[in-house]
Amino acid sequence: MPSECSRTPLYDLHARLGARFVPFAGWEMPVQYKEGILEEHRQTRTAAGLFDVSHMGEARITGPGAQAALERVMTNAIGTIPLGKARYSFMCQPDGGVVDDVIVYRVGPEEFFICLNAGNTPKDIAWLKTHCAGETCVVEDETSRWAQLAVQGPKAVAIVQSLTQTDLSGVKRFSFAEGACAGVPVIFSRTGYTGEDGFELYAPSDKAETLAQALLDAGVTPVGLGARDSLRLEAGYPLYGHEISETITPLQAGLGWAVKLDKGDFIGCDALTQEAAQGPKHTVIFFRLNDRRIARQGAEVFDGERLVGHVLSGTQSPMRGQPIGSALVETASAAHALEVSIRGQRIPMETAKPPLHL
């Protein structure tokens, strides 16, 4: 394990639970536990899984100019976010490439809390500070302050509710509330990254193990990065560096609903407006394979004899028992019968609309 890897506040707990660790985005993270990725995945789909996502970054933007600054930085509309609600958005480069995809929480009239991707956190904080400069607001990096636990699955809501006196029935999708869970002060957020219902619990870093142990005692299964990736891919959710990146725009990724071109100027607006008018030349598709072999990232995609794209993500769907994935292809070929090259052999791709496990 690289010596420079950081550890989340739950590292010791993961070790006691028998986790196998891997480096991920500069962090030493559990990829799986004793029962394995397939079982962790199935437990999340059928019961409830516990994910340590404390490697994610957090920023807080406060001040009378916070809203105006974020309108300029974000692709989605910020001013229309009600108090107690959250909104998915992108921060884009001038050419429309993605700096990061984030979730923006409106804490107050002049206060916003932002969840950032782990590997992008230093870059994101610098981007926010640079592009919010000139407005009467302050950008603070709160990453070290927070641990974040996600509880996902059909039994997740009931389990979390059993550990709190806060009525969670009013915390709808992309809403949040403050309270206590197992005696630990938390922010209850309901966004999710698995395709299942549940909550993200933002807690003080020094209280993370207390909270995690209470959730484990209540019946959730610890889940590592391996199942987290297969769950999000089944659900069709993007992962930065795969379905979105500095070279894959939100419009190419099919996520134009989070880009409000008519809200006023923002970084990347001109490029995305032009791309929307002309139509993206490339598009992200999702697929299944009727084969045992998995099409891994980088595998070439063909339309007849013509190379038209490459695989972005690929794994085995534990729920269907067949390979699934995503690919970036030429838009003109997206509706055609495509094939992926695996070890020199062409395998037909079944284009499918997520969720891929149903």
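**View 1. The lining of the second largest pocket in this predicted model, by residue class and by element.** By class, four nonpolar, eight polar and three charged residues make up the lining of the second largest pocket. This pocket has a volume of about 220 Å³, and among the 15 residues that line it, Gly-226, Asp-229, Arg-296, Gly-314 and Thr-315 lie nearest its centre. At least two lining residues come from each of helix H2 (37-46), helix H7 (225-235) and strand S16 (306-317), and the largest share, five residues, is that of S16.

**View 2. Helix H7 and the residue that follows it.** Ten of the eleven residues of H7 are buried, so this helix is largely enclosed by the rest of the structure. Just after the helix, Gly-236 takes a positive phi of about 80°.

**View 3. The largest pocket and the elements that contribute to its lining.** About 1,000 Å³ of space lies in this pocket, which is lined by 48 residues, with Tyr-88, Asp-101, Tyr-193, Tyr-237 and Pro-238 the closest to its centre. Two or more lining residues are given by each of strand S5 (86-92), strand S6 (98-108), strand S7 (111-116), strand S9 (146-152), strand S12 (198-204) and strand S14 (282-288). The largest share of the lining, four residues, comes from S6. Sorted by class, the lining of the largest pocket holds 28 nonpolar, 13 polar and seven charged residues.

**View 4. An open sheet of five strands, with antiparallel pairing.** The strands of this sheet follow the order S5-S6-S7-S4-S8. At the edges stand S5 and strand S8 (138-141), each with a single partner strand, so one side of each is left without a neighbour in the sheet. On average, neighbouring strands of the sheet are turned by 30° against each other, when direction is ignored. Three of its strands, S5, S6 and S7, are also among the elements that give two or more residues to the lining of the largest pocket.

**View 5. The pairing of S4 with S8, and helix H4 across the strands.** Strand S4 (residues 57-62) pairs with S8 in the antiparallel sense over four bridges, and the bridge partner of Ala-59 is Asp-141 in S8. Helix H4 (residues 121-132) lies across S4, S5, S6, S7 and S8, and runs at about 15° to S4.

Key
Residues numbered from 1 in each chain as written. Predicted model: local features only at pLDDT ≥ 70, side-chain atom pairs only at ≥ 80, totals over all residues. Heavy atoms only, no water. 1 Å grid on protein atoms, 1.4 Å probe; cavity = no way out; pocket = protein on both sides within 12 Å on 5 of 7 lines; lining within 4 Å. Points joined across faces, edges and corners; volume = space filled by probe spheres on them. Nonpolar A, V, L, I, M, F, W, Y, C, P; charged D, E, K, R; others polar. Buried < 20%, exposed > 50% of the residue type's maximum accessible area, 1.4 Å probe, protein only. Pairing = 2+ DSSP bridges. Axes fitted to C-alpha atoms, helices over the stretch in contact; angles between N-to-C directions. Contact = heavy atoms within 4.5 Å.
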